[in-house]
Amino acid sequence: MVDAFVVPTETGAAFFVDADYAELDAANGPVQLAVYSPYDVSPGEVAVVRGRLEADLFSYAASAAGLGRAWMRHALLAIVELTILGVLIAFLIANPSRVAFIIGWALPFGFFIATRSALHAFAQREYGARARRMLESGAVLAEPAISQFGGSLAHVRDIWRGLEEGAFARDTVALELASERLLRWPGAVAFYRSQRQADEPSRPRPLRSRLARLLLPKRPVAPLTTLVARPRP
Amino acid sequence: MMQLVCWAVPVRGGYVLRADQAAQAAVRAADGRRPQFVDWDVAIVHPGSPGFSAERIRRPTVLAIESSMRHGTPARPKSGGRLARLRRSWASLALGAALVVLSGTHWVLALAGAWLLAGRAWTAALLSIRPTVAPATAWTAAGVQVTAAPHAGLGQVAHALKRAVDDGGYGQALAVAQTLGLDEATEVYAALIKHPNPMALPAEVGMWTPAESVDDPALIGVSRDAAEPPAAPSGGDDDAGTTEPDPGDDGSDDPVDRLP
């Protein structure tokens, strides 16, 4: 089940889809869209949401299908590289010199690339397998479910009610803060943050974030897309 | 069954057919799928016009989608060229070059340098662990199913276009489309403001189709019969969009109350 919510924005309202594509598995059956809206949603709007969801989902699957596929071959390459590194370190220890010292410090920059790739491939093999299953046999049901589950319904009701009662302003930052602090709704927080950041100039990542990105295995992330906007109620 | 969306944007005297922004991505993503899962269902979203027949514009719809494939962003994502690879591995290449230069007569240093410069890339190619690009599946118009789906937002745009009298009405329609966040309609009206003749629109904007070739008289009759109330209290002349409920317009109630 993939949830699509109609939430307020500065100029009106918008659909957003809250789904972690990396966790969807075609082995559990076809994907169904669940729409939560304070309005009746017209068939055309549902068609647009479904069409864009499918495009997003299968684009993600196509891009993630190669993850972890050849992790054993990556590991083989890493073993060869680590062997050469071991021989080189032994040689440098046996022949100590200033040059050997300088080279020794630089070795990690060159000789852990294959190891890093192998670790990434190993960590991502489940995501890759799910993406391949989704690509090969996944499907999205034609008929969406409308407002069926209590938790998601409560989120939509609370955000619209809060707006009606003046608990927070119709402003992207205020809506993001309300989603985070009052409603505790991570999906809406991510949506409003993406809306806000789309208007801001991009800033360089901090060094710690860049290092973490370099060393830790990446988790495939699908972009959160605004699907359809609607008028101010 | 995968779904594509084609927008039937209302203009004076007809519609401009335009593929949804996600259509290209959907077709590209289908390249890696099994053929039995690549049946296409094209939903034509329209303003809720009575008599709108999807079957009658099946061929123009397919053409509009094919046109968007040709004129849209190119192609298939590339896995990265030689320059990108160089940028990723410049540190190890520099270290490899340094090891080769410093090796002198020591074969161990030369071996390590050669590995960093060429050996790893060669072994990776030998083990074929470079990402492969799936073969492209031909988009085939044969067997495509088309369905019509009324869109509340487009209905409001059509209403604004109908009420407007000046400048072809495209300015008002553009404003409504922008408010509703309908990017496809916005681009069509922006192009029409520059060149008001929809027949002369560039192919990447959309394809014009006259209303006569879209509307099925039989469907119009049926829908008028169905929409006609048994006893109308007053002769309202603003009944153009009443066949399809317009969620945005019946705003007298608190929307929260309508949640089940």
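Guide: A salt bridge here is a side-chain nitrogen of Lys or Arg lying within 4 Å of a carboxyl oxygen of Asp or Glu. The model under discussion is a predicted one.

Visitor: At what N to O distance do the side chains of R130(A) and E23(A) meet?

Guide: R130(A) belongs to helix 5 (residues 125-137) of chain A, while E23(A) sits in the loop between strand 2 (12-18) and strand 3 (33-36), so that the pair links parts of the chain 107 residues apart. R130(A) is buried, with a relative accessible area of 16%, whereas E23(A) counts as partly exposed at 41%. With the cut-off for a salt bridge set at 4 Å, the two side chains qualify at an N to O distance of 3.9 Å.

Visitor: Which residue does D25(A) meet in a salt bridge?

Guide: D25(A), which counts as buried at 17% relative accessibility, lies in the loop between strand 2 and strand 3 of chain A, and its partner lies in helix 5 of that chain, so the pair ties together parts that are 108 residues apart in sequence. The N to O distance is 2.9 Å, and the partner is R133(A).

Visitor: Is R52(A), which meets D20(B) in a salt bridge, buried or exposed?

Guide: The salt bridge, at 2.7 Å from N to O, crosses between chains, from R52(A) in helix 1 (residues 43-64) of chain A to D20(B) in the loop between strand 2 and helix 1 of chain B. R52(A) also meets the side chain of E184(B) in a salt bridge, at 3.3 Å. D20(B) has 4% relative accessibility and counts as buried. Because the cut-off for buried is under 20% relative accessible area, R52(A), at 6%, likewise counts as buried.

Visitor: How many salt bridges does the rule find across the interface of chain B and chain A?

Guide: The contact takes 58 residues from chain A and 54 from chain B, and the two chains bury about 4,700 Å² between them, 69% of it on carbon and sulfur atoms. A search of the whole structure, over all chains, finds eleven salt bridges. Across the interface of chain B and chain A, the number found is three.

Visitor: Which helix of chain B supplies the largest share of the side that touches chain A?

Guide: Across this interface the rule finds eleven residue pairs in polar contact. Several elements of chain B each supply at least two residues to the side that touches chain A, among them strand 1 (2-11), helix 4 (90-103) and helix 5 (107-126). The residues of that side divide into 33 nonpolar, twelve polar and nine charged. The largest share, eight residues, comes from helix 5.

Visitor: Which residue of strand 5 of chain B is the bridge partner of G14(B)?

Guide: Strand 2 (residues 14-19) of chain B has six of its six residues buried, so this strand is largely enclosed by the rest of the structure. Strand 2 is joined to strand 1 by six bridges in an antiparallel arrangement, with V9(B) partnered by V16(B), and these two strands form a hairpin with two residues between them, where G13(B) in the turn has a positive phi of about 85°. Strand 2 also pairs in the antiparallel sense with strand 5 (residues 207-210) over four bridges. In strand 5, the bridge partner of G14(B) is P210(B).

Conventions. Residues numbered from 1 in each chain as written. Chains lettered and ligands numbered in written order. Predicted model: local features only at pLDDT ≥ 70, side-chain atom pairs only at ≥ 80, totals over all residues. Heavy atoms only, no water. Contact = heavy atoms within 4.5 Å. Buried area = accessible area lost by both parts, 1.4 Å probe. Polar contact = N/O pair within 3.5 Å; in protein donor to acceptor, adjacent residues only side chain to side chain. Nonpolar A, V, L, I, M, F, W, Y, C, P; charged D, E, K, R; others polar. Buried < 20%, exposed > 50% of the residue type's maximum accessible area, 1.4 Å probe, protein only. Pairing = 2+ DSSP bridges.
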